[in-house]
Amino acid sequence: QVQLVESGGGLVQAGGSLRLSCAASGRTYAMGWFRQAPGKERDSVALINWSGSSTNYADSVKGRFSISRDNAKNTVYLQMNSLKPEDTAVYYCAASRYNSAWSLRSYDYWGQGTQVTVSS
């Protein structure tokens, strides 16, 4: 069983930056960040494979967000720049049993979520 703990959320003004971290209790493979705004479905934001050699981003965050990982620390990061009010959501870290996972249904373990609020 893998446990995931997110940190780094908060309130920021539009145009600002935040860095989310997700620490895993055990070995993880593909990992990703998802987000869910009130009344909306949970969507993928950024995904990364086991080695970090491949990433995938939602169109809405390309060029602004960057996912990375440190396997020695069992930690994945999401650097969020040029934040917009529409980025406001609860952000979830997730881990998969597969080396690469590019859809939500491939993720088996989820963190508790961290709130990101971007004010205009």
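**Close-up views of a predicted model**

**View 1. The Cys22–Cys93 link.** The link of Cys22 and Cys93 is left-handed, with -80 degrees about the S-S bond. Cys22 is in strand 3 and Cys93 in strand 9, so the pair ties together parts 71 residues apart in sequence; strands (E, at least two residues) are DSSP runs numbered from the N terminus. The sulfur atoms of Cys22 and Cys93 are 2.0 Å apart, and a disulfide is a pair of cysteine sulfur atoms within 2.5 Å. The structure holds one disulfide. Cys22 counts as buried at 0% relative accessibility, and Cys93 is buried with a relative accessible area of 0%. Buried means under 20% relative accessible area (1.4 Å probe, protein chains only).

The model is predicted: local features need pLDDT of at least 70, side-chain atom pairs count only at pLDDT 80 or more, and totals for chains, interfaces and linings use all residues. Residues are numbered from 1 along each chain as its sequence is written, and side-chain values use heavy atoms, with hydrogens and water left out.

**View 2. The largest nonpolar core.** This core has 27 residues, and those with the most contacts inside it are Leu4, Trp33, Leu78, Met80 and Tyr91. Elements giving two or more residues to this core include strand 3 (18–24), strand 8 (75–80) and strand 9 (89–96). A nonpolar core is a set of buried Ala, Val, Leu, Ile, Met, Phe, Trp, Tyr and Cys residues joined through side-chain atoms within 4.5 Å.

**View 3. Surroundings of Leu78.** Not counting residues up to four places away in sequence, Leu78 touches residues including Leu20, Trp33, Val45, Phe65, Ile67 and Tyr91. Contact means heavy atoms within 4.5 Å.

Definitions and conventions. Buried means under 20% relative accessible area, exposed over 50%, partly exposed in between (1.4 Å probe, protein chains only). Helices (H or I, at least four residues) and strands (E, at least two) are DSSP runs, numbered from the N terminus.
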